[in-house]
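Hi,

Here is the structure I promised to pass on. My notes on what turned up follow below it.

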Amino acid sequence: MTQANAYAATSPDAGLEPITIERRDPGAHDVEIAIEFCGLCHSDIHTVREEWGGITFPLVPGHEIVGTVSHVGAEVTQFAVGDAVGVGCMVDSCRECDSCLEGEEQYCSRGNTGTYGATDPRHDGEMTQGGYSSSIVVDENYVLSIPEGMDRAAAAPLLCAGITTYSPLRYLDVQEGDAVGVIGLGGLGHMAVKLAKALGATVTVFTTSAGKTAAAHELGADAVVLSTDPAAMAAAKDSLNAILDTVAASHDINPYMRTLARDGALIQLGLPSDDMPPVNPGLLIRKRLAYGGSLIGGIAETQEMLDFCAEHNITSDIEIVRADELNEAYDRMVAGDVKYRFVLDNSTL
Ligand code: NAP
Ligand code: ZN
Ligand code: ZN
């Protein structure tokens with residue numbers, strides 16, 4: 001066992017505080033990583049504040065991890081000491097079910113092993129602890145390679161926000177000439193804009209924040225619609241082929257369904273803790289629309305996304321925070337006051 005410095009939540013409302021955790025000794029297939037940066041995802045907040053249900057404390061969040069390999073097990077073949085690597089939302093899965101065999105490990109029928117807050121059946125059976133920590137030990141099959149030259153801090157959010165938006169864009173086969181809508185301009189939303197543009201789509205951003213209009217255009221959005229303005233929403237009617245919904249709070253999606261053209265699809269990515277108003281079936285039926293959801297992405301697709309981002313010069317727009325600023329950063333994220341992702345500098349732990 002090695003000791004790692006970390007920040008953990010000890011109750012739903014106490015905020016994060018310094019803690020020391022133990023990391024297992026790397027096994028034959030494990031990679032030990034000295035963590036340099038970790039993005040702050042809204043899922044971290046939902047989790048530690050128990051907005052998605054009860055959890056076991058203390059819990060170290062963080063699943064947008066980038067660092068340097070500090071040790072490899074005897075049978076590791078894909079990584080060497082000194083490599084720049086990343087870890088996203090999962091650190092293992094059963095490797096035997098159809099989803100795992102098809103490279104969709106996130107949908108593992110036995111449940112993927114989350115990077116934090118999951119029991120780890122293959123290793124020590126202990127609860128996993130995430131990336132707001134100085135080191136982590138992960139099986140090499142769940143470790144990603146950070147492309148050479150990519151800014152490491154700005155790459156961290158790709159490990160969740162990047163893959164979560166890339167995967168449905170690819171699943172829907174978004175390409176040149178398609179019209180894509182993005183609801184909510186936060187961590188996921190701003191990555192969705194960049195990735196959809198890089199795939200050749202025209203992009204419409206739906207935001208509740210009038211102040212984000214100019215910034216959305218700077219990110220590459222072709223149109224920005226203030227979703228609280230019924231006239232602007234009506235003007236967007238029947239215009240889009242695909243919409244990614246990244247909103248972290250309960251909201252009515254029916255007005256967005258009206259902006260889809262025939263055969264369009266709205267993919268739900270945000271996972272609010274409160275129920276959402278039901279989708280009107282008539283809206284779906286009259287234009288053969290689809291309403292679906294999507295969970296992060298598989299390991300191979302995550303590597304594909306990182307390589308795609310390197311090729312298109314895409315990283316996240318970030319604000320780096322110290323460990324003692326984590327609680328303030330959470331409050332600012334809930335208030336929508338971030339452009340567009342906070343990233344922890346793990347050297348400050
Ligand atoms: P974020 O950075 O906080 O962005 C969420 C955005 O939603 C806000 O910037 C805001 O954009 C919009 N919004 C509108 N009304 C809101 C309200 N009342 N409260 C909060 N946000 C509101 O969050 P994120 O990290 O991108 O995550 C977004 C959601 O996706 C979360 O629910 C998260 O848990 C979920 N998620 C899902 C997956 C998956 O695999 N499906 C993966 C990662 C995260 P505007 O100001 O532009 O309106
Ligand atoms: Zn996340
Ligand atoms: Zn599986």
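The second largest pocket is lined by 19 residues, and the ones nearest its centre are E22, R23, D124, E126 and M127. This is a predicted model, so local features need pLDDT of at least 70 and side-chain atom pairs count only at pLDDT 80 or more, while totals for chains, interfaces and linings use all residues. Residues are numbered from 1 along each chain as its sequence is written, chains are lettered from A and ligands numbered from 1 in the order in which they are written, and side-chain values use heavy atoms, with hydrogens and water left out.

Back to the pocket (on a 1 Å grid over the protein atoms alone, an open set of points where a 1.4 Å probe fits, with protein on both sides within 12 Å along at least five of seven lines; lining residues have an atom within 4 Å of a point). The space in the second largest pocket comes to about 380 Å³. Strands β2 (16-23), β6 (90-92) and β8 (135-139) each supply at least two residues of its lining (strands are DSSP runs of E, at least two residues, and helices runs of H or I, at least four, numbered from the N terminus). The most comes from β8, with 4 residues. Sorted by class, the lining of this pocket has 8 charged, 7 nonpolar and 4 polar residues (Asp, Glu, Lys and Arg are charged; Ala, Val, Leu, Ile, Met, Phe, Trp, Tyr, Cys and Pro are nonpolar; the others, Gly among them, are polar).

On to the aromatics. There are 2 aromatic pairs in the structure (rings of Phe, Tyr and Trp, the last by its six-membered ring, with centres within 6.5 Å; planes under 30 degrees apart are stacked, over 60 edge-to-face, the rest tilted). Y166 and F308 make a tilted pair, because their ring centres are 5.4 Å apart and their planes are at 50°. With Y166 in helix α4 (residues 161-171) and F308 in helix α10 (residues 299-311), the pair ties together parts that are 142 residues apart in sequence. Both Y166 and F308 are buried (under 20% relative accessible area; exposed is over 50% and partly exposed in between, with a 1.4 Å probe and protein chains only). F206 and Y256 are edge-to-face, because their planes are at 80°, with centres 5.2 Å apart. F206 sits in strand β11 (residues 202-207) and Y256 in helix α8 (residues 254-257), so this pair ties together parts 50 residues apart in sequence. F206 and Y256 are buried too.

What about the core? The largest nonpolar core has 88 residues, and L40 and Y132 have the most contacts inside it (a core being buried Ala, Val, Leu, Ile, Met, Phe, Trp, Tyr and Cys residues joined through side-chain atoms within 4.5 Å). Helix α5 (residues 187-198) gives the most to this core, with 6 residues. A second, separate core has 16 residues, including A236, I253, M257 and L283.

Cis peptide bonds join F57 to P58, with omega about -5°, and K339 to Y340, with omega about -15°. P58 is in the loop between α1 (42-48) and β4 (65-72), and Y340 in the loop between α11 (326-334) and β17 (341-345). D263, in strand β14 (residues 260-268), is not a glycine but has a positive phi near 70°; D263 counts as partly exposed because its relative accessibility is 35%. I296 is another non-glycine with a positive phi, about 25°, and lies in the loop between β15 (290-293) and α10. I296 is buried, with a relative accessible area of 11%.

Cheers

Note on methods:
Points joined across faces, edges and corners; volume = space filled by probe spheres on them.
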